[in-house]
Amino acid sequence: MGRYLVRRLLQLVPVFLGTTFLIYWLVWSVPGDPFAGKCGERTCPPSYVAAMTAKFQLDENVFVQYATYMKNLLQGDFGTTYSGRSINDIIATAYPNTLKLAVVALAIEAVIGLTAGVLTGLRRNGFLDNLVLVSTLFMIALPVFVVAFVLQWTLGLQLKIVSATVSSEMPFSELIMPGFVLGSASMAYIARVARTSIAENRRADYVRTAIAKGLPMRRVVGVHLLRNSLIPVVTLLGTDLGALMGGAIVTESIFTINGIGREVYRSIVTKESATVVSIVVVLVLVYLLMNLLVDLLYAALDPRIRYE
Amino acid sequence: MSDPSAASIVSTPRPEQPTEIGAPTNAGLPENARKEKPRGLLGDAWRDLRRKPLFWISLAIILLFVVMAAFPWLFTSGDAKNGSLTHSLEKPSSHAWFGYDIQGRDVYARVIYGARASIVVALLSVFGTMLLGGLVGIISGYRGGWADAVLSRVADVFFGLPFVLGAIVILTTFNGSGSNNSTIKIMGLVIASLVILSWPVVMRLMRSSVLATKEADYIVAAKAMGAGTGRIVFKHLLPNCLAPLLVYSTIMVGSFIGAEATLSFLGVGLRSPVVSWGIMISEGQNYIRVAPGLVFFPAAFLVTAVLSFVMLGEAVREALDPKLR
Amino acid sequence: MRVSKRASSAIAVGMAAALVASGCSNSESKDGDGAATQDGAIVINNVQPENPLVPANTTETGGGKIIDNLWTGLVEYPNDGGAPRNALAESIDTTDSKVFTIKIKKGTKFHDGTEVKAKNFVDAWNWAAYSPNGAANGSFFSDIAGYSDVATEDPDGDGPQKAPAPKAEKLSGLKVIDDQTFEVTLGAPTAVFPTKLGYSAFMPLPDAFFSQKPEEFGKKPIGNGPVKFVSWEDNVAIKLTRFDDYTLRDKVKIKDVTYKLYQNEDAAYVDLLSGQLDFIEPIPTSALAGDKYKTDLGDRALSTVIPATAFIAFPIYDKRFANPKLRKAVSLSINRQEISDKIFFGTRKPADSWANPLTPGAPQGNCTACKFDPAQAKQLLQEAGGFQGEMVFYYNADSSHKDWMEAVAQQVKTNLQIEARAEGVPTFAVLRQNINARKMTGPYRAAWQQDYPDIENWVNPLYIKGGSSNDGLYSNPQVDALAKEASSAPSLEASHAKFAEALKLVDADVPTIPIYFYGLQVGHSEKIKKLELTNVGELDLSSVEL
């Protein structure tokens with residue numbers, strides 16, 4: 001176990017380098033001159049373009065640029081955006097907000113998805129089962145903006161139950177609605193996968209044994225069934241945290257949350273490699289650590305899985 | 001693993017067709033069935049499926065959508081591409097059942113014609129994702145060790161790519177403005193980008209299933225009896241690991257229809273006059289307060305289509321899974 | 001010129017123009033409560049400025065709105081559209097339109113307490129014009145004598161060679177006479193020069209600017225306007241407060257102004273409705289559709305027009321578009337009224353003249369190619385020999401141009417019976433790059449907002465050979481000759497008449513096609529009792545009463 005952990009942590013290094021370079025290279029190859037659209041319907045003064053090009057080493061090839069970036073990164077300096085903002089600052093202010101939103105979304109998704117999954121898995125093909133299926137599928141089919149719009153206008157403006165947008169202090173109570181909107185797209189997956197897993201394991205020998213032993217149903221479901229059915233669910237939830245953080249662009253903008261989404265999108269279209277990579281690097285670390293955590297959880301959840 | 005065999009990961013009903021014909025005859029002969037265990041499994045599944053109304057209903061709806069995608073003119077005489085502003089945002093009427101969009105185009109006709117791009121892109125992307133993700137997942141879960149480490153980390157790298165970034169780069173490189181790609185080629189590129197950016201989740205899912213299953217008694221038993229890797233993987237591991245994957249993939253059909261719309265909206269995906277449900281939904285976005293039907297009707301079709309895929313997948317999975325029988 | 005991200009049209013801010021909109025009002029007046037106003041605070045929507053707030057470096061509306069309030073220039077453009085008038089300038093004198101003596105008012109202060117002197121202008125202009133400083137608005141100083149000595153160009157564009165170092169560090173045409181007076185010598189007589197001085201590139205900079213990095217200054221800008229900078233939390237809010245030592249005309253009555261930085265206009269609109277926001281500009285499309293905003297806001301919604309026009313431009317260098325008859329056929333096949341009514345719900349007006357009608361000297365309704373006449377269009381197409389292949393109309397997909405461009409393409413397709421469609425290019429930058437490289441293969445959207453209120457600005461940059469925004473490479477020697485005559489005409493009237501003549505020739509050639517004149521819808525909260533809009537639809541802070 002210990003050796004496994006060390007090995008996995010060591011593996012992070014090449015993945016980290018691979019991902020950062022791949023992203024750096026991808027952003028670098030996004031077509032378009034970052035300064036072509038800066039001055040409206042006129043071309044920008046060449047002196048302006050030249051000054052910016054020199055400042056951000058844009059005339060160097062991608063390897064030199066990446067090497068310079070990594071050198072600074074190792075000294076803890078993420079660099080600056082084309083508009084002169086420190087990327088360290090952006091990360092320090094935007095990441096906590098995005099993480100907060102993603103965690104709320106993940107919690108909502110896990111609670112609703114798992115509850116629905118367990119209930120429908122135990123009693124398949126009933127009314128509740130079909131209701132959950134149709135409603136969660138609708139959440140997937142409707143784009144985020146529609147779900148957000150409907151909730152914002154009904155709960156926020158008409159009924160005034162919750163604040164329609166999130167204030168800059170981001171109190172937890174204001175995050176429930178955006179968290180639900182963000183998590184809604186994954187709820188169907190969690191509910192369905194949990195349902196299937198529960199339904200499968202319901203017939204397993206150990207469950208039958210537990211019931212035969214005369215254990216109360218609560219204990220059978222809560223301890224034996226749930227624990228053994230969680231593997232695919234945990235996998236999904238683990239991979240989802242990163243996806244929620246990276247995919248909150250629309251949710252963040254609709255609810256005025258100052259997160260990483262807008263910076264990622266903005267810097268992709270303006271070809272700011274350093275900004276994209278810096279923000280995504282942290283995301284990648286989240287993915288990697290979550291995956292490691294999930295793999296370790298496998299062993300905890302299922303004694304059959306062992307790492308040597 | 002070769003391609004044709006891996007194909008069974010997703011489209012379970014089709015590849016089995018030859019055996020399906022033989023299966024019912026075998027079903028009555030228990031000795032035969034016992035001798036050829038895998039064929040018996042599929043035979044049982046088919047017998048099981050035939051009795052399920054859910055299977056037939058979902059299959060009928062899917063067939064309807066397939067016909068809609070192939071021959072949209074059978075369902076509508078309206079013009080999905082050309083409109084006239086004089087009809088802009090008109091309410092549903094006997095001429096246009098779902099009303100007109102902002103450009104004065106018949107929404108009903110557009111929803112019908114939109115089936116093709118939506119269904120083709122979504123299905124092929126799901127197929128590709130399952131193929132790639134499933135394959136890598138099995139290898140990495142079953143082999144373990146260094147193969148697992150390398151493949152998992154490669155998946156991590158792809159996992160780290162933001163969807164918008166990856167899609168913009170791939171699609172603008174091959175499908176930039178001014179390039180004169182045919183609709184089919186653009187569809188291919190859209191499908192390829194969706195696959196490349198989504199396979200890691202499927203891979204993780206498959207790997208987790210394989211990890212959980214490979215220590216099971218029947219696998220150990222099969223190994224002890226000297227079964228080859230291929231046999232163990234295809235006859236034992238795969239059928240038992242398919243469930244979560246199949247469930248995931250049927251729902252993924254819905255997400256991919258939406259993802260395709262995002263790409264079109266960014267100006268890198270399908271282009272007008274090609275219609276898709278996703279494009280229709282995002283076009284209706286600004287007018288949701290005046291004409292909610294512009295979003296509602298394509299979304300309703302989308303939900304129906306996804307629902308029938310989910311139901312079909314569910315029926316097939318239950319039929320295939322001996323534990324549930 | 002500033003780029004508005006949301007409209008991605010070129011929007012220059014700060015130029016005066018007459019508001020001639022019929023049935024539109026640009027002010028709201030009830031009686032404000034003096035005490036409430038005195039300590040009052042309002043919240044206005046804005047977007048995150050793209051760059052640090054340095055006037056000569058600001059080319060987009062997010063930063064522009066803030067700069068306009070933090071600084072006061074030599075001249076200002078009245079809300080009612082009158083002629084530019086002196087603000088910080090005491091007098092701007094010239095005898096030959098070549099040498100200008102500018103006297104500034106005594107005793108005005110920067111927000112750091114230092115006095116605004118003549119040298120603050122001269123230093124600021126020299127800094128912006130000196131090309132190694134890379135100011136985005138540097139070319140606004142090209143009128144001034146000695147510009148070519150301080151600004152050098154990279155001889156091979158993007159190539160490996162670097163631009164040579166400029167010969168001089170300072171513009172030879174700028175001379176400080178005393179603390180309140182400086183002299184500007186232009187390279188050639190330019191009568192409109194004083195009019196340009198209200199643009200943000202010409203703002204003075206305090207001495208503190210020159211002792212630090214521009215980026216650092218731009219994060220805590222020090223201006224000389226009616227409000228001063230308090231704080232800037234990226235992507236959240238920029239806070240300003242009243243500058244109590246301000247002595248010029250446009251003193252603000254309220255105390256605090258917060259610009260809340262949104263990425264989504266719909267979110268701002270929701271905030272306005274729930275009382276978290278006091279002023280929104282513009283109202284988002286989702287609320288304009290079906291006139292919903294009128295029901296939502298009642299008399300708190302205002303409509304105005306701004307001196308900007310949306311065009312579709314032709315790549316005349318592509319020989320398929322070289323025939324004026326074909327271009328006119330395309331123009332005549334577009335039903336502008338219908339697009340205005342159905343796509344924009346009447347919030348934009350169909351274009352019927354070459355120069356925006358809000359511009360002084362612009363002839364009204366002089367675009368005969370702007371009529372809707374499908375019969376003549378078809379005949380012209382036939383005379384031009386038809387059109388081979390598919391006509392693709394390009395727009396940038398990063399802002400809301402899809403609906404109207406698709407409508408245009410559809411009308412061309414229906415009325416001319418040729419293959420036509422609209423295609424989105426991912427970003428404005430990519431579109432501009434293709435346009436700059438002369439690589440367009442079809443008509444594309446363009447927009448123009450005057451830099452200064454004169455018809456000259458609607459001719460020279462757009463239709464003269466070598467004009468800064470003549471991207472389609474249109475060239476008609478007669479137009480060039482007339483425009484040259486007009487530019488050096490002895491009087492404004494004579495100049496305007498000549499430009500009008502030039503536009504008549506342009507009308508026959510149809511190098512671009514005007515589609516609609518921009519309109520602007522804004523809304524405010526119940527808290528604001530009185531307000532006025534500037535000529536470009538921004539909130540005039542000095543007019544606000546609570």
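Two strands pair if DSSP finds at least two bridges between them. Helices, H or I of at least four residues, and strands, E of at least two, are DSSP runs numbered from the N terminus.

The model is predicted: local features need pLDDT of at least 70, side-chain atom pairs count only at pLDDT 80 or more, and totals for chains, interfaces and linings use all residues. Residues are numbered from 1 along each chain as its sequence is written, and chains are lettered from A and ligands numbered from 1 in the order in which they are written.

First, the sheet. In chain C, four strands form an open sheet in the order 7-8-10-9, with antiparallel pairing. Its edges are strand 7 (89–94) and strand 9 (174–178) of chain C, each of which pairs on one side only. On average, neighbouring strands are turned by 20° against each other, direction ignored; here axes are lines fitted to C-alpha atoms, for helices over the stretch in contact, and angles run from 0 to 180 degrees between N-to-C directions.

Going across from strand 7 of chain C, five bridges join this strand to strand 8 of chain C, and the two run antiparallel. C:Ile92 has C:Ile102 in strand 8 as its bridge partner. The hairpin of strands 7 and 8 of chain C has four residues between the strands, and C:Ser97 takes a positive phi near 60° in that hairpin.

Next, strand 8 of chain C pairs with strand 10 of chain C, antiparallel, over five bridges.

What lies across strands 8, 9 and 10 of chain C? Helix 3 (residues 118–129) of chain C does, running at about 170° to strand 9 of chain C. In a regular strand the side chains alternate between the two faces of the sheet. Strand 8 of chain C has C:Phe100, C:Ile102 and C:Ile104 on a covered face, and C:Val99, C:Thr101 and C:Lys103 on an uncovered one.

Now the domains of chain C. Domain 1 spans 48–261 and domain 2 spans 305–519, with bounds that come from an automatic or database domain assignment. Their C-alpha centres lie 32 Å apart. Four residues of domain 1 of chain C are in contact with five residues of domain 2 of chain C, where contact means that the C-beta atoms, placed from the backbone, lie within 7 Å. The domain 1 side has two nonpolar, one polar and one charged residues. For these classes, Ala, Val, Leu, Ile, Met, Phe, Trp, Tyr, Cys and Pro count as nonpolar, Asp, Glu, Lys and Arg as charged, and the others, Gly among them, as polar.

On to the chain interfaces. Between chains A and C, 37 residues of chain A are in contact with 46 residues of chain C. Elements of chain A that give two or more residues to this side are helix 2 (46–55), helix 6 (144–158), helix 10 (249–254) and helix 11 (260–269). Helix 2 of chain A gives the most, with six residues. By class, the chain A side divides into 16 nonpolar, 15 polar and six charged.

Between chains B and A, the contact takes 46 residues from chain B and 51 residues from chain A. Which helix of chain B gives the most to the side that touches chain A? Helix 11 of chain B does, with eight residues. The chain B side divides into 28 nonpolar, 12 polar and six charged.

One residue of chain B, B:Gly166, is found in helix 8 (residues 163–175). B:Gly166 counts as buried because 21 C-beta neighbours lie inside 10 Å; the rule is buried at 20 or more other C-beta atoms within 10 Å, exposed at 12 or fewer, and partly exposed in between, with C-beta atoms placed from the backbone. Leaving aside neighbours within four places in sequence, B:Gly166 is in contact with A:Leu26, B:Leu161, B:Ser193, B:Ile196 and B:Leu197.

Technical notes
Two residues are in contact if their C-beta atoms, placed from the backbone, lie within 7 Å.
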